[in-house]
Amino acid sequence: MKVFIDPPNSLVLFDLVERFGHEPLSTMAAIQERVDNLEVDMPPMNVTLDDVVKGLKYAGVEVPSGVRGRLALWGPMIESADAAIVMDDCPYSFGCVGCERSNLMVKYLIKRRGIPVLYVTYPEDEDQATNFVAQTKEFLEGLK
Amino acid sequence: MTIKIAQLSCGTEYSSVQYEIEKAARSVGAKIVYPDVSAADIDDAVKRFGFNPRSPQLKLMIARAAKLADGQYDADAVFITTCFRCAEAALVRNELRRFVQENTRLPVVTYSFTERLKASQLLTRMEALVTIVTRKELLARERQTGITVGLDSGSSTTKAVVMEDNRIIGKDWTPSGDVVASATHVLENALKMAGIEMKQVEAIGTTGYGRFTLGEHFHAKLVQEELTVNSKGAVWLADRQRGEATIIDIGGMDNKAITVRDGVPDNFTMGGICAGASGRFLEMTSKRLKVDVTELGAIADRGDWRNAKMNSYCSVFGIQDLVTTLGEGKRFEDVAAAACHSVAEQVYEQQLQEIDVRHPIIQVGGTSLISGLVSAVGEVLGERPIVPPDSQYIGAVGGALLSSGFL
């Protein structure tokens with residue numbers, strides 16, 4: 001199943017989803033696709049004007065372009081996701097999209113989809129980390 | 001009967017515009033109300049809504065919307081407004097509009113304001129909300145009866161239509177000049193075409209910017225804003241009176257995007273801050289190309305917008321783009337196509353983000369006769385709009401249709 005991860009660039013969540021047999025939907029995939037599709041003479045830009053315009057599907061023109069550009073990457077992923085894992089209160093080194101407005105909107109779009117979602121909190125010690133992995137494992141195995 | 005418009009807002013009090021909002025509501029016989037919520041309701045409402053803004057007043061907006069959605073607060077219409085350029089508020093505003101529409105049948109209008117907001121800017125929107133609430137039976141009218149006339153005094157053109165027993169029997173339009181003189185001119189020509197004398201006319205309906213002046217002059221039975229009147233005219237002309245539709249009216253001075261259910265608007269946006277996204281820009285373009293605006297569409301259809309740069313939020317910069325592009329020796333056809341595409345793109349970016357587009361899409365108004373613009377709108381939206389016959393007469397047809405409800 002396709003599992004959207006939030007933060008969308010969390011390597012830990014990506015790895016866990018993949019490890020338990022699902023397809024992680026992440027920033028890395030979206031950016032990869034854009035890098036691969038670049039033309040030879042294209043500057044090294046991952047998000048193009050077309051992406052930002054596509055982001056209008058998720059937020060109006062009054063919303064800054066950086067938010068719309070981000071939503072253009074994750075919006076379609078959330079739409080195609082079968083489930084999601086959302087980690088709250090994590091430090092930015094764990095995974096971060098760099099924009100609080102985009103964060104809020106991503107969480108909202110996930111909720112609006114009505115798909116199964118596992119909400120987890122960032123573990124502060126080893127016990128919590130073990131618990132987090134167990135919770136995630138149980139959730140992902142339950143999706144099969 | 002005082003119509004209660006529930007205000008869901010952030011920042012109005014601190015932007016010096018609250019008085020203007022209330023003044024606009026009062027002037028159309030409505031009253032602004034605020035759904036009561038307790039502090040304890042707020043966190044629950046935010047959790048349920050799923051978007052947790054950092055600004056507490058946005059949280060309050062959500063809680064107020066939840067009260068409306070749950071039927072715990074009695075209101076007739078909803079006005080959702082936040083500060084222009086606040087990203088968080090813009091996100092909440094649009095999603096709350098969707099939330100209210102999904103959970104109630106209340107008409108909704110959204111607006112982002114600056115400190116320069118004046119009551120007059122909100123008048124048509126407030127009037128439309130009140131019309132939708134107070135004239136439900138009239139707006140449900142699907143057939144025109146008797147002999148009636150509709151007069152549409154628009155910013156660019158004035159139109160008249162004479163209808164008899166659900167048929168258009170006379171029509172005329174002219175560029176707007178003096179409001180009464182222009183309307184008198186088109187009315188006389190439409191009556192002549194219909195073979196009808198003025199004394200045979202049973203009712204007149206007026207709409208558009210000059211509606212009040214014309215209403216008084218011609219003793220109209222119906223004097224109504226253009227959002228509801230144009231919607232009725234559009235669905236009548238397109239024969240889509242039942243079900244849902246989106247009406248796009250790119251006007252001479254402002255644009256309207258209206259969603260309707262059974263011909264009655266339930267959400268609309270009305271733009272017009274900049275003429276770069278209106279028919280006026282196409283007029284300016286055709287003037288610069290030295291062609292009549294009626295020929296612009298066909299010329300644009302032969303061009304490719306990708307070959308000419310024309311992308312501006314402002315008509316002044318838009319014309320600069322136009323001059324530069326022509327200076328580079330681009331083909332007229334490509335420039336015309338680029339101008340049409342630019343208008344369509346801006347309507348999409350500025351108006352259609354505030355509503356949920358429903359199908360079919362009906363494009364109306366004088367600019368719908370510019371085929372290149374219709375093609376551009378179709379390309380931007382991924383679906384070619386329906387352009388009904390006499391699409392430029394929507395306001396006048398709506399006026400004639402609705403005024404027959406007073407017979």
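**Exercise 1.** How many residues of chain B are in contact with how many residues of chain A?

*Solution.* The model is predicted, so local features need pLDDT of at least 70 and side-chain atom pairs pLDDT 80 or more, while totals for chains, interfaces and linings use all residues. Residues are numbered from 1 along each chain as its sequence is written, and chains are lettered from A and ligands numbered from 1 in the order in which they are written.

Step 1. Two residues are in contact if their C-beta atoms, placed from the backbone, lie within 7 Å. By this rule, 17 residues of chain B are in contact with 15 residues of chain A.

Step 2. Helix 4 (87-103) and helix 13 (332-350) of chain B are the elements that give two or more residues to this side of chain B. Helices (H or I, at least four residues) and strands (E, at least two) are DSSP runs, numbered from the N terminus. Helix 4 of chain B gives the most, with six residues.

**Exercise 2.** Determine whether helix 9 of chain B is buried or exposed.

*Solution.* Step 1. A residue is buried if 20 or more other C-beta atoms, placed from the backbone, lie within 10 Å of its own, exposed if 12 or fewer, and partly exposed in between.

Step 2. Twelve of the twelve residues of helix 9 of chain B are buried, so this helix is largely enclosed by the rest of the structure. Among them are B:E226, B:K232 and B:W236.

**Exercise 3.** Describe the surroundings of A:E23.

*Solution.* Step 1. A:E23 lies in strand 2 (residues 23-25) of chain A.

Step 2. A:E23 has 15 C-beta neighbours inside 10 Å, so it counts as partly exposed.

Step 3. Leaving out residues up to four places away in sequence, A:E23 touches A:K2 and A:V3.
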